[in-house]
Amino acid sequence: MFSFCTDPSAIDGLAWLACYLTTGKHLAAYLSILTVLVLLAITAPASLAFGFAGAVAARSRIAPLRWLGQGYTAIVRGVPDIVFFLFFVFALDQGLEWLRHQAFCPDWTEPIRRGSDFIVCPAAKLPLSTSPQWVHETYNFFIAVLTFAIVFGAFAANVLYGAMRAVPRTQLETAEAYGLSERQTFWRILVPQMWVYALPGLSNLWQILVKATPLLFLLGVEDIVYWARELGGTKGGMFEYPHPDWRLWYFLALLVFYLGLTQISEIAFRRLNRRLSHGQSLGHAA
């Protein structure tokens with residue numbers, strides 16, 4: 001990046017460090033911070049949407065819909081996150097490729113399953129082997145977002161379901177006495193008030209989501225933990241910037257990043273809680 005970085009072996013001190021911290025790999029590492037933040041920005045509302053749908057389904061009067069909502073939360077919450085991440089990603093990826101295989105290669109006669117191998121025709125690969133690198137990275141990121149949303153949506157569904165049950169029944173009965181329909185009571189009375197009860201659980205879930213972002217590496221996304229291990233490892237004389245094992249310093253930087261992010265999140269949730277609690281007679285929600 002700097003003009004004096006053309007020959008790293010001829011510089012030392014702070015100049016060497018400035019050159020080292022602005023290499024292409026370091027710039028990719030800095031970009032991975034944005035990747036994590038974008039993941040959180042997309043996954044949080046997506047998880048909330050999954051959770052809201054699951055909570056509404058779990059309290060439905062229609063038995064199959066109620067079983068679906070309760071089963072969703074029970075199954076996802078009962079499976080370790082890392083197992084679900086590994087299984088679901090492979091199952092979803094192979095399921096999509098199988099559907100594409102049936103559509104694009106109807107004349108294919110060879111078996112798809114060959115022992116432990118899953119082989120489809122080239123046109124069914126997702127993404128295609130001829131696709132540029134950014135397509136593969138975008139696809140992996142999409143799979144990561146969907147997986148995070150489904151997993152944390154199940155926990156959000158449990159939180160929202162409990163919050164809906166915590167809204168005093170008398171308020172719902174009063175709304176019905178004033179002539180509001182069941183749908184109007186749900187959207188105008190129940191939903192606005194449940195957030196006060198749900199916010200503590202959702203804030204804890206957000207912190208867990210933040211701490212779960214290193215699982216991106218399992219889904220093929222080069223996140224900040226991947227780069228901390230990659231850049232901090234010992235680099236010998238064959239590299240432009242040889243150095244001993246610096247992983248301790250890189251992971252200390254990650255510690256500062258995550259602690260700062262969680263602290264900012266706590267401040268934001270406290271302010272949001274005070275705003276939602278304004279005018280509410282809920283002493284414990286303040």
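Author: Helix H7 supplies six residues to the lining of the largest pocket, which is the largest share. The model is predicted, and local features need pLDDT of at least 70, side-chain atom pairs count only at pLDDT 80 or more, and totals for chains, interfaces and linings use all residues. Residues are numbered from 1 along each chain as its sequence is written, and side-chain values use heavy atoms, without hydrogens and water.

Reader: What makes a residue part of the lining of the largest pocket?

Author: On a 1 Å grid over the protein atoms alone, a pocket is an open set of points with protein on both sides within 12 Å along at least five of seven lines, and a lining residue has an atom within 4 Å of a point. The largest pocket has 18 such residues, among them Arg59, Arg61, Glu182, Phe186 and Leu190, which lie nearest its centre. Helices H5 (133-166), H6 (169-177) and H7 (182-212) each give two or more residues to this lining.

Reader: Which classes make up the lining of the second largest pocket?

Author: This lining has eight nonpolar, seven polar and two charged residues. Its 17 residues include Leu31, Thr35, Glu137, Val221 and Glu222, which lie nearest the centre of the second largest pocket. H5 gives the most, with seven residues.

Conventions:
1 Å grid on protein atoms, 1.4 Å probe; cavity = no way out; pocket = protein on both sides within 12 Å on 5 of 7 lines; lining within 4 Å. Helix = DSSP H or I, 4+ residues; strand = E, 2+ residues; numbered from the N terminus. Nonpolar A, V, L, I, M, F, W, Y, C, P; charged D, E, K, R; others polar.
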